[in-house]
Amino acid sequence: MTLTQIQKLLQAALISEQGASDIDIKFAKASDLMSDVLAFSQPFSDRNTLLITGLTNKQVVRTCEIAGVGAIIFVRGKKPTTETIELAQECNIALLATSLKMFEACGILYVNGIKCASPSKEAKDENAT
Amino acid sequence: MKMQPEALLKQEYKIRGGDFVNAGESSCRIRNTLREIGIDSDIIRRIAIAAYEAEMNVVMYAHHGTMQVDVYPDKILLIVDDRGPGIENIQKAMQPGFSTATEEMREMGFGAGMGLPNIKKNADDFKIASHVGKGTKLEIIILLDEKNG
């Protein structure tokens with residue numbers, strides 16, 4: 001899914017488009033805990049994962065850079081600081097922002113085919129049956 | 001005694017305690033260097049996560065520290081050595097969810113008690129030594145296989 005499609009689905013604003021054009025999002029993770037983002041990062045990292053978060057500090061971008069996340073969407077109307085935006089541009093990580101709540105953003109992306117970046121064993125079994 | 005082959009690459013970074021603005025920069029530099037020398041991307045991801053969690057620990061808890069990365073033909077060794085309060089109970093600190101983080105750290109998305117367990121999970125070998133009132137030293141080894149040769 002392109003970021004333009006995600007932008008439409010989540011009524012989001014594109015805050016930083018550096019790195020946005022060549023991206024094809026297939027997976028997402030939602031968390032306000034950066035260690036969770038790292039713990040559940042994919043064994044492959046080809047920038048096809050989106051992070052949904054309410055945290056807007058610089059460390060969110062750093063964490064995404066380390067975990068190989070391609071784009072971030074800030075929920076609950078949160079706006080990133082100038083420092084966060086600058087680092088995202090440097091790291092080639094696209095930024096979006098929406099006033100939707102995290103649960104709403106997750107639900108909309110899920111029904112539109114975006115998969116969980118680190119599905120639990122139970123969810124994997126459910127899909128297999 | 002088995003001779004340790006010479007490191008192909010050695011780098012050392014200084015980390016300042018409390019420097020949340022630059023936290024993570026050293027780990028990103030290490031990742032970029034490993035990328036430049038053609039290390040497998042999954043190995044880089046594991047090293048980068050371990051380095052970043054360790055770097056954040058120094059920034060959050062210690063006065064200052066160093067992070068050293070040595071690349072050998074068969075492995076990557078990461079040593080993170082800090083001067084700081086040390087860890088009173090290592091066994092407890094290794095438990096997922098145990099944390100002594102402040103509210104400020106938690107607001108930044110850290111301090112969930114996942115740092116050390118995350119480092120261990122990504123390492124092939126992990127050693128931790130700590131002296132209360134002096135500091136903590138981590139040794140993280142990630143093995144390279146043929147595809148990284």
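How many bridges join β3(B) to β5(B), and do they run parallel or antiparallel?

Mentor: Before the answer, a word on what is shown: this is a predicted model, in which local features need pLDDT of at least 70 and side-chain atom pairs count only at pLDDT 80 or more, while totals for chains, interfaces and linings use all residues. Residues are numbered from 1 along each chain as its sequence is written, and chains are lettered from A and ligands numbered from 1 in the order in which they are written.

β3(B) and β5(B) run antiparallel and are joined by nine bridges; here helices (H or I, at least four residues) and strands (E, at least two) are DSSP runs, numbered from the N terminus, and two strands pair if DSSP finds at least two bridges between them. Within this pairing, B:D81 has B:K137 of β5(B) as its bridge partner.

The two strands belong to an open sheet of five strands in chain B, with the order β1-β2-β3-β5-β4 and antiparallel pairing. At its edges stand β1 (9-16) and β4 (125-131) of chain B, each with a single partner strand, so one side of each is left without a neighbour in the sheet. Neighbouring strands of this sheet are turned by 10 degrees against each other on average, direction ignored; for such angles, axes are lines fitted to C-alpha atoms, for helices over the stretch in contact, and in general angles run from 0 to 180 degrees between N-to-C directions.

On one side, β3 (residues 75-83) of chain B pairs with β2 (residues 64-71) of chain B in the antiparallel sense over eight bridges, and there B:V69 stands opposite B:L78 of β3(B). As for β5(B), this strand also pairs with β4(B), in the antiparallel sense over seven bridges, with B:S130 opposite B:T136 of β5(B). β4(B) and β5(B) form a hairpin with three residues between them, and in the turn B:G133 has a positive phi of about 85 degrees.

Helix α2 (residues 41-61) of chain B lies across β1, β2, β3 and β5 (135-143) of chain B, and runs at about 5 degrees to β3(B). Helix α1 (residues 25-36) of chain B touches β1 and β2 of chain B, and its direction makes about 165 degrees with that of β1(B); two residues are in contact if their C-beta atoms, placed from the backbone, lie within 7 Å.

A residue is buried if 20 or more other C-beta atoms lie within 10 Å of its own, exposed if 12 or fewer, and partly exposed in between.

The contact takes 18 residues from chain A and 19 residues from chain B. On the side of chain A that touches chain B, α2 (34-39) and α3 (58-67) of chain A each supply at least two residues. By class, this side of chain A has eight nonpolar, six polar and four charged residues, where Ala, Val, Leu, Ile, Met, Phe, Trp, Tyr, Cys and Pro count as nonpolar, Asp, Glu, Lys and Arg as charged, and the others, Gly among them, as polar.

There is also a nonpolar core to consider, meaning a set of buried Ala, Val, Leu, Ile, Met, Phe, Trp, Tyr and Cys residues joined through C-beta atoms within 7 Å. Of the 73 residues in the largest one, A:A71, A:I72 and A:I73 touch the most other members. The largest share of this core, 13 residues, comes from α2(B), the helix that lies across β3 and β5 of chain B, among other strands.
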